[in-house]
Amino acid sequence: MLNLKSQTNIIKITDAADSMAAWQRDLANSVQDLQTLYRLVGLPECENSYRPKSFGLRVPKAFVDKIEKANPKDPLLLQILPQAQELNAAAGYTHDPLAENGQSPIKGLLHKYKSRALVTVTGACAVHCRYCFRQHFDYQANTPNHDDMAQILSYIRHDKSIDEVLLSGGDPLSLSHRRLTAWLTALDALPNIHTIRIHTRTPVVLPSRIDEPLIELIAGLSKHIVMVLHINHANEIDETLKVQLAQLKRVGVTLLSQTVLLKDINDDADVLAKLSHTAFDAGVLPYYLHILDKVVGAAHFDVPIERAVELYWQLLERLPGYLVPKLVQELPNKPHKMPVDVYQFNR
């Protein structure tokens with residue numbers, strides 16, 4: 001027979017499970033071991049795969065469902081599958097490719113662009129993309145607590161040159177509803193802020209995150225809300241995601257997309273053109289096409305800049321101007337993203 005203390009513990013656990021949002025349950029059930037991933041995608045374990053000691057495998061089942069079964073070269077699988085190539089040393093690749101560790105006047109705040117401030121509100125992500133430029137970032141030293149939040153808000157309030165705040169991480173949509181509400185409502189109350197921008201990949205890999213409480217929260221805000229979705233391939237956009245994005249547009253969210261140019265995943269003009277069209281059909285305008293940030297472990301994804309420029313010109317031929325993303329590269333200690341000089345190579 002259970003004693004009273006045991007019964008009380010069971011009740012607490014049950015109540016916690018019942019109060020957990022559907023998206024949080026989906027997140028908790030993410031795939032985090034290779035054996036399960038290979039089984040779900042119908043493949044034998046590859047001899048080139050490995051189990052990293054840090055920044056391990058993490059991918060929601062909703063994203064796994066989009067991966068083509070029995071295809072070891074599926075472009076979605078290659079983005080999330082740890083491979084032994086990550087161990088190869090490469091010249092010029094560092095743990096802090098954008099020199100962000102020295103850009104924080106306050107814990108959790110990055111202020112390197114004059115009119116914009118970026119807040120790393122969390123170190124958590126719904127998915128671990130193998131090319132992530134912050135996979136070695138010191139989130140323990142840069143994730144703001146309650147006191148840091150107050151200092152950040154004061155800093156932004158008193159710097160009148162700041163009119164836009166970017167929520168980043170990690171992924172801001174991995175925050176609980178309570179914590180996300182605290183950030184968004186506090187920023188919404190700042191008189192000098194015109195726009196709040198949310199950089200996220202979560203809706204793409206975990207569409208259940210776009211739930212009614214989030215929609216209601218955003219609908220109650222007074223500022224312009226821009227959501228920049230990280231999407232690298234048209235196969236990431238399915239009907240479920242389109243329905244969820246329509247909910248965001250219904251409450252006035254401006255939807256943009258950014259893409260990282262990745263070898264053997266999207267370094268093809270037809271693939272990139274299809275991505276732009278598919279995103280537009282989902283109500284999302286292409287925004288940035290990024291040159292890969294040179295972070296340790298990601299060199300095997302690199303696309304030479306000559307090839308990137310060639311792809312850009314091909315996109316100009318295939319797409320109307322509003323569907324051609326800006327080809328950019330983020331470099332350390334620069335006050336803005338750097339447009340790639342598309343005239344630097346003979347065509």
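Modeller: Before we start, one definition: two strands pair if DSSP finds at least two bridges between them. Helices (H or I, at least four residues) and strands (E, at least two) are DSSP runs, numbered from the N terminus.

Colleague: Thanks! And what kind of model is this?

Modeller: It is a predicted model, where local features need pLDDT of at least 70 and side-chain atom pairs count only at pLDDT 80 or more, while totals for chains, interfaces and linings use all residues. Residues are numbered from 1 along each chain as its sequence is written, and side-chain values use heavy atoms, with hydrogens and water left out.

Colleague: Let's take the sheet. What is the strand order?

Modeller: The nine strands run β1-β2-β3-β4-β5-β6-β7-β8-β9 in an open sheet with mixed pairing. At the edges stand β1 (109–113) and β9 (338–339), each with a single partner strand, so one side of each has no neighbour in the sheet.

Colleague: How many bridges join β3 to β4?

Modeller: Four bridges join strand β3 (residues 164–168) to β4, and the two run parallel. In that pairing, L167 stands opposite I198 in β4. Further along, strand β7 (residues 285–290) and strand β8 (residues 326–329) are also parallel, joined by three bridges, and L289 has L327 in β8 as its bridge partner.

Colleague: Back to β4. Is that strand mostly covered or open?

Modeller: Mostly covered: six of the six residues in β4 (residues 195–200) are buried. Buried means under 20% relative accessible area, exposed means over 50%, and partly exposed is in between (1.4 Å probe, protein chains only).

Colleague: Which residues point which way from β4?

Modeller: T195, R197 and H199 point one way, and I196, I198 and T200 the other. In a regular strand the side chains alternate between the two faces of the sheet.

Colleague: R197 is a charged one. What does R197 meet in a salt bridge?

Modeller: R197 meets E164, at 2.8 Å from N to O. A salt bridge here is a side-chain nitrogen of Lys or Arg within 4 Å of a carboxyl oxygen of Asp or Glu. This pair links distant parts of the chain, with E164 in strand β3 and R197 in strand β4, 33 residues apart. E164 is buried, at 14% relative accessible area, and R197 is buried too, at 8%.

Colleague: How many salt bridges are there by this rule?

Modeller: The count comes to twelve. Among them, E236 pairs with R201, with the closest N and O atoms 2.9 Å apart, and both of these residues are buried. R51 pairs with E45, also with the closest N and O atoms 2.9 Å apart; here R51 is exposed, at 54%, and E45 is partly exposed, at 39%. K112, E330 and K337 are linked in a network of salt bridges.

Colleague: New topic: the largest nonpolar core. Which residues touch the most other members?

Modeller: I156 and L248 do, in a core of 44 residues. Helix α8 (residues 177–188) gives the largest share, five residues. A nonpolar core is a set of buried Ala, Val, Leu, Ile, Met, Phe, Trp, Tyr and Cys residues joined through side-chain atoms within 4.5 Å. Another core, of 32 residues, lies apart from the largest one, and includes L37, I80, L81 and V127.

Colleague: And what does L248 touch?

Modeller: Not counting residues up to four places away in sequence, L248 touches I210, I215, I218, M227, V253 and L255. Contact means heavy atoms within 4.5 Å.

Colleague: What about Q244, where is that one?

Modeller: Q244 is in helix α11 (residues 239–250), and is buried at 15% relative accessible area. With residues up to four places away left out, Q244 touches P207, S208 and I210.
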